[in-house]
Amino acid sequence: MQRLGTGIGWRPEIAEAVERMPGIDWVEAVAENVCPGHIPESLRRLRDRGVTVVPHGVSLGLGGAERPDEDRLTALAERAEALAAPLVTEHIAFVRAGGLLTASPRLEAGHLLPVPRTRDALDVLCENIRIAQAALPVPLAVENIAALFSWPGEEMTEGQFLYELVDRTGVRLLIDVANLHTNHVNRGEDPAKALDELPVEAIAYVHVAGGFERDGVWHDSHAHAVPPAVLDILADLASRVRPPGVLLERDENFPEPAELERELASIRETVEKAKAPNADDKPSGVRDGGAPQDTTGTEAARQRLALTQAALLSALVAGTPAPEGFDRTRLAVQARALASKRADVVAKVAPELPEILAAAYRPEFLAYAQGHPMTDGYRHDALAFAEHLLLHGRLEGADVQRELSDWWLERSGPAPLSRRPAARLARATRRVLLRR
């Protein structure tokens, strides 16, 4: 297994600082934010001087009931090749539900949601991972995620679930120690027990990140300093096996570069003090292809998983009743978190909207989200929100109405917006009438 060293999550906001940081052996870039034909110059410079770049996917939904989307797999493979990456990573999560398997509208979570640790979910996940492995030009590693709630009727612990997943598929693991801490606070799961049970020799690398606690719930924000409790779990892991790589994640609320460098130094020190045996000196115990999988009954498992995931996601984003057995309080916390993240991301992909709406943006969007679940990506979501306001909203002032209308028209049609006022009015009228 390739030794990566110490790295940091590459983000455009800190690109220049990352290039200047001493001791950065590798970086991880969100795969969906990298265009193979237009790789950011910062990533090119890092790669040219020998810094490894690993694409980290967030939208495959390998834990979902449907098979992985071929176009998404192709896009991930293209990014791996464009970046000359030694591996690619994704998450053990579902991000969408509904559709053909349930004969219901497809819903998007806009976030990573936990899969139930059941035999059905494991069967489906194993088959999905095999499909992904066959489509990718480099090895795949999958990450354990953080969760605010638990599924009722789970049949395995996290460590048992991951052990069997590795045994059946040969997939590598990206272990996020911050997520182990999150699940300790939110679900009462012992990180040490998870480390006891999972195959540490299958670890490709490790994530470390910060978060915050509010009302007894830990939020994996990636916007705060790494707490001592997360470093303690890293130390426990590093005492068992020397991780091939460790990476600091920070997605927003970026501090000064010096603070990030101090966090990286603390991570290095934690791993070095643990004095674990070198994983390269031990038999891996992980097969490249995994054991042959009996797919008999997987279709039935997909159907059952599809129904449960659609019911859960509908409760989280469309306001339907919570499925039986779930903690309704925790689901309400998750629903609010999803809506808040959705508002934040839409503001990033369409920054003109909060500029046009000013202080009204966030309350208007959160009110909109309660009755309008996301059914496509965030850019489509921004357009749908603006259209809703133009048709049904109570906008303050003619200037706001005009600016929002111009913004929507410029982005919603396939053709450039005409500069002639009569043509603009005709187009706007036509589109509104069509939607009514």
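Is strand β3 (residues 52–56) mostly covered or mostly open, and how many of its residues are buried? Strand β3 is mostly covered: five of its five residues are buried. Buried here means under 20% relative accessible area, exposed means over 50%, and partly exposed lies in between, with a 1.4 Å probe and protein chains only. The model is predicted, so local features need pLDDT of at least 70 and side-chain atom pairs count only at pLDDT 80 or more, while totals for chains, interfaces and linings use all residues. Residues are numbered from 1 along each chain as its sequence is written, and side-chain values use heavy atoms, with hydrogens and water left out.

Look at the two sides of β3. Thr52, Val54 and His56 point one way, Val53 and Pro55 the other way, and all are buried. In a regular strand the side chains alternate between the two faces of the sheet. Helices (H or I, at least four residues) and strands (E, at least two) are DSSP runs, numbered from the N terminus.

Now the neighbour. Strand β2 (residues 26–30) runs parallel to β3, joined by five bridges. Two strands pair if DSSP finds at least two bridges between them. Glutamate 28 stands opposite valine 54 in β3. With helix α2 (residues 41–48), β2 and β3 make a right-handed β-α-β unit. Right-handed means that, with the strands pointing away from the viewer, the path from the first strand over the helix to the second runs clockwise.

A second pairing is antiparallel. Strand β5 (residues 94–99) meets β6 over four bridges. Arginine 96 has glutamate 108 in β6 as its bridge partner. The two strands form a hairpin with four residues between them. In that turn, alanine 103 has a positive phi of about 50°.

A search of the whole structure finds one cavity of 30 Å³ or more. On a 1 Å grid over the protein atoms alone, a cavity is a set of points where a 1.4 Å probe fits but cannot get out; a pocket is an open set with protein on both sides within 12 Å along at least five of seven lines; lining residues have an atom within 4 Å of a point. Grid points are joined across faces, edges and corners, and a volume is the space filled by probe spheres set on the points.

The largest cavity is lined by 13 residues, and Ile92, Val115, Arg117, Ile145 and Glu158 lie nearest its centre. Helices α5 (158–169) and α6 (177–187) each give two or more residues to this lining. α5 gives the most, with three residues.

Follow α6 itself. Nine of its 11 residues are buried, among them Leu180 and His181. At its start, a side-chain oxygen of aspartate 176 reaches to within 2.9 Å of the backbone nitrogen of alanine 178. Just after α6, glycine 188 takes a positive phi of about 70°.

Finally, the second largest pocket has a volume of about 360 Å³. Of its 22 lining residues, Leu316, Val317, Ala335, Arg336 and Ala339 are the closest to its centre. The elements that give two or more residues are β6 (104–113), α10 (298–317), α11 (328–349) and α13 (361–371). α11 gives the most, with nine residues.

Notes:
Polar contact = N/O pair within 3.5 Å; in protein donor to acceptor, adjacent residues only side chain to side chain.
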